[in-house]
Amino acid sequence: MLSSIHKKVSSLIRGRPQTQVAKDGDIQDLHFAPTQDSAVDINASHNWDFTIVFKRAKDLPRGDLLSSDPFLEVYLGRPEDKESLTFVTGVQWSTLNPTWNATWQLLNVTDETMLQILVKDKNKMMADTDLGRTSFILGAKLEGTQEHILDVWQSDDRKQGRIIIQMTGVRSTAALTKASTKGPARYSRHTSYAAGVLTREKKYEFYAYRVRLYHLFDVFGTDTRHYQHWNTEYVAAQRIFADNLEGLNIRNALHSQHAYLYRHARNTVYDSLVTAEDWRKLLHGDRLKKDPDQDLKTVVFTYSIVPKGFYFSETGTAFFQDFMSKHAMHANRTQEVMYSGEFRLFRDVNHNDDWTLLIDNNSGTYAPKKEELEKVKKLFELNFPDLVVMALDREDPYVKEMKRATKRAEAMAEAQQGQKLRLFGAVGSKDEEEEELQVPKAEDAREV
């Protein structure tokens with residue numbers, strides 16, 4: 001049944017055929033106009049493509065008593081402008097001489113555009129500390145490959161520390177209306193051992209992921225009125241966002257969970273995603289080493305897309321996993337999201353054995369419109385051109401059959417482990433029964 005439905009869906013819902021895979025620099029989006037648009041200056045003689053490697057820094061200021069946990073926030077445009085292209089390196093712990101070797105690729109940059117670099121000290125549960133900043137003018141003088149040493153200036157106009165970057169500039173041939181990027185999309189994987197204990201994972205580890213996707217505002221726009229508002233007809237969502245003491249307590253608890261799961265620590269992994277194979281390694285690398293024959297279609301992740309990125313974790317049957325994998329928690333209890341639901345990543349035997357992202361709108365808290373699924377598909381195709389993307393409504397027969405297969409697999413695994421009781425979760429997907437919310441006491445925590 002599942003296979004026959006899948007074949008029909010594959011023939012109708014697939015993204016680019018094998019012969020039409022996007023090439024490097026081929027950003028295909030409705031907001032990007034062709035070169036014939038005379039109203040936009042995209043002449044290749046004026047604009048540039050840059051590959052920037054943020055290599056390392058020396059002698060940075062101390063953010064703490066003895067050292068710093070430095071990382072970079074980089075902006076093409078004003079930092080306060082949410083549409084500015086941004087890039088964030090990973091954190092290097094306890095050092096004043098960090099090495100990042102993080103690469104950012106920019107397209108169609110106008111001559112004399114300023115690149116602003118903020119140096120910050122990562123704090124685990126508080127706001128990050130500003131260590132200093134520097135800037136760099138992009139343009140014709142940077143043609144070819146060059147290494148640059150930039151002085152770091154503190155807020156009191158004192159100079160302390162240097163950043164070493166490598167820049168490669170070439171004439172742009174991209175048919176774009178504005179500056180853009182090929183990424184890569186940076187991610188952080190956050191490990192929680194306490195959550196792992198409660199999920200009864202053998203290694204006592206639970207992972208939460210954040211991916212800084214590009215083109216979010218190109219696809220979803222900047223007007224939050226057009227985002228997916230919380231579902232006013234869903235009883236559990238009504239309780240979460242109620243303007244009363246219970247609602248406040250629930251939101252505080254969700255915020256505390258978000259801050260805990262997405263906190264930065266020495267075991268946080270930072271890297272980038274470029275290809276479908278990178279996704280395979282990130283989500284299933286360890287899993288496939290243990291069991292190469294595992295059916296990956298039954299491995300489900302719960303996600304929320306917000307302006308700060310793509311937040312998700314694996315959804316399971318155990319209490320803590322089920323409780324923590326909810327859309328409002330991943331979205332840090334915001335009232336509207338760009339989109340939310342569930343997804344799976346697996347090899348599609350009916351489509352050249354390609355790695356396939358099956359993503360849906362299965363969220364009771366936000367109930368995203370199925371008409372917006374095409375935007376989700378577009379977003380992932382722009383960020384990962386070789387990833388096959390299927391965006392299906394939660395009521396699609398193929399999605400429903402896959403959910404049934406997942407529940408059968410979970411029941412079998414639960415029986416094998418001797419887990420006779422299925423523990424409940426908090427706020428779940430729309431197809432789950434609306435169970436009574438369990439509201440742990442939590443103090444309001446700061447944004448992380």
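**Exercise 1. Find where Asn123 sits in the fold, and decide whether it is buried or exposed.**

*Solution.* Start with the secondary structure, where helices (H or I, at least four residues) and strands (E, at least two) are DSSP runs numbered from the N terminus. Asn123 lies in the loop between β5 (113-121) and β6 (129-138). This is a predicted model, in which local features need pLDDT of at least 70, side-chain atom pairs count only at pLDDT 80 or more, and totals for chains, interfaces and linings use all residues. Residues are numbered from 1 along each chain as its sequence is written, and side-chain values use heavy atoms, with hydrogens and water left out.

Next, look at accessibility: buried means under 20% relative accessible area, exposed over 50%, and partly exposed in between (1.4 Å probe, protein chains only). Asn123 has a relative accessible area of 11%, so it is buried.

Now check its surroundings, with contact meaning heavy atoms within 4.5 Å. Not counting residues up to four places away in sequence, Asn123 touches Asp64, Asp128 and Thr129. The side chains of Asn123 and Thr129 are also joined by a polar contact of 3.0 Å. A polar contact is a pair of N or O atoms within 3.5 Å; within protein, one must be able to donate a hydrogen and the other to accept it, and residues adjacent in sequence count only if both atoms are side-chain atoms.

**Exercise 2. Which side chain makes a polar contact with that of Lys178?**

*Solution.* First locate Lys178: its place is the loop between β8 (159-171) and β9 (180-183). With a relative accessible area of 34%, Lys178 is partly exposed. The polar partner is the side chain of Asp218, at 2.6 Å. Finally, compare sequence with space: Lys178 and Val109 are 69 residues apart in sequence, and their C-alpha atoms are 7.5 Å apart.

**Exercise 3. Which strands pair with β15, and in what sense?**

*Solution.* Two strands pair if DSSP finds at least two bridges between them. Take β14 (residues 300-306): it pairs with β15 in the antiparallel sense over seven bridges, and a hairpin of two residues joins β14 to β15. Within this pairing, Val300 has Thr315 as its bridge partner.

Then turn to β11 (residues 206-212), which pairs with β15 in the antiparallel sense over four bridges. Here Val211 stands opposite Phe310.
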